[in-house]
Amino acid sequence: NTGAARFLPDDRDLGSLRTAAADCRGCDLYREAIQTVFGEGPSKARFMLVGEQPGDQEDRRGEPFVGPAGRVLDRALEEAGIDRDQVYVTNAVKHFSFTLKGKRRIHQKPTNAEIDACRPWVEAELAVIRPEVVVVMGATAARSLLGKDFRVTKQRGQAVPLGEAVAVATIHPSAVLRAPDRDEAYAGLLEDLRVAAGISG
Ligand code: URA
Ligand code: SF4
């Protein structure tokens, strides 16, 4: 387990990456999860959204952001005037990490080692799509793409360079669901998405 790099195909497009990622064993997360949840969306997307890792429902369905957090995200995108069909949506870590509580699979934050192991996939997605704007949602995605010193709480909602793209960090949609004041948390997410929407012409 030395990370995803050795599983990347030489010839890279979204199709070849997705196929190769299905067999990734770059860290131990593939052992317990059902499947790799690769990113989804048009290869010419100007917007790329990066979350943490698939949740229980995403792991079952094989698609990112189709569970409760996805519903928060869909609503916020719509309110920010961003068409989800035009957005490439992915995660920093491509397998679901969880602990069992009885029969329930409880989401577990990926470790730094897992984030590092999986980074080659999200970097390859970035290189293929070459988006204009990258929305980085939550601390895991921020660590993966913006480095370990980036603080979402302090630097959210600001345009920061990310290669040839502009990144805007925000909270994770799941954090809205856990927040003591959901409306306030949601309003913050929406505000940051509006910043992102304003960057792309
Ligand atoms: N949370 C994430 O970070 N990603 C998903 O795909 C679903 C929930
Ligand atoms: Fe590979 Fe990422 Fe899955 Fe680990 S989480 S096995 S690095 S795809």
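Let's start with a pair of helices: H1, covering residues 14–21, packs against H4 at an angle of about 170 degrees, and their axes lie 10 Å apart. Any angle over 145 degrees counts as roughly antiparallel, so H1 and H4 are roughly antiparallel to each other. Keep in mind that this is a predicted model.

**Where H1 meets H4**
- On the H1 side, the contact is made by Leu14, Leu17 and Ala21.
- On the H4 side, Trp121, Ala124, Glu125 and Val128 take part.
- Sort the residues of this contact by class and you get six nonpolar, no polar and one charged.
- If you're wondering how to talk about such a pair, two packed helices are described by the angle between their axes and the distance between the axes.

**The chain as a whole**
- The protein chain has eight helices and seven strands.
- Its radius of gyration is 16 Å, close to the 17 Å that the globule rule gives for 201 residues, so the chain is as compact as a globular protein of that length.
- Along its principal axes, the C-alpha trace of the chain spans about 45 × 40 × 30 Å.

**Around ligand 2**
- Ligand 2 is surrounded by 16 residues.
- The closest of them are Cys24, Gly26, Cys27, His95 and Cys118.
- Here H4 turns up again: this helix, residues 112–129, gives the most to the shell around ligand 2, with four residues.
- By class, the shell around ligand 2 holds 10 nonpolar, three polar and three charged residues.

**Around ligand 1**
- Ligand 1 has 13 residues around it.
- Gly51, Glu52, Gly55, Pro64 and Ala69 come nearest to ligand 1.
- The class count for the shell around ligand 1 is four nonpolar, seven polar and two charged residues.

**What the record says**
- UniProt, in an unreviewed entry, lists residues 38–194 as "domain: Uracil-DNA glycosylase-like".
- Over residues 38–194, the chain is 43% helix and 21% strand.

Conventions: Residues are numbered from 1 along each chain as its sequence is written. Chains are lettered from A and ligands numbered from 1 in the order in which they are written. This is a predicted model: local features need pLDDT of at least 70, side-chain atom pairs count only at pLDDT 80 or more; totals for chains, interfaces and linings use all residues. A residue is near a molecule or strand if its C-beta atom, placed from the backbone, lies within 6 Å of it. Helices (H or I, at least four residues) and strands (E, at least two) are DSSP runs, numbered from the N terminus. Ala, Val, Leu, Ile, Met, Phe, Trp, Tyr, Cys and Pro count as nonpolar, Asp, Glu, Lys and Arg as charged, and the others, Gly among them, as polar. UniProt positions are given in the numbering used here, feature names are shortened, and annotations may be inferred rather than shown by experiment. Axes are lines fitted to C-alpha atoms, for helices over the stretch in contact, and angles run from 0 to 180 degrees between N-to-C directions. Angles under 35 degrees count as roughly parallel, over 145 as roughly antiparallel, 65 to 115 as roughly perpendicular and the rest as oblique. Two residues are in contact if their C-beta atoms, placed from the backbone, lie within 7 Å. The radius of gyration is taken over C-alpha atoms; the globule rule is 2.2 Å times the number of residues to the power 0.38.
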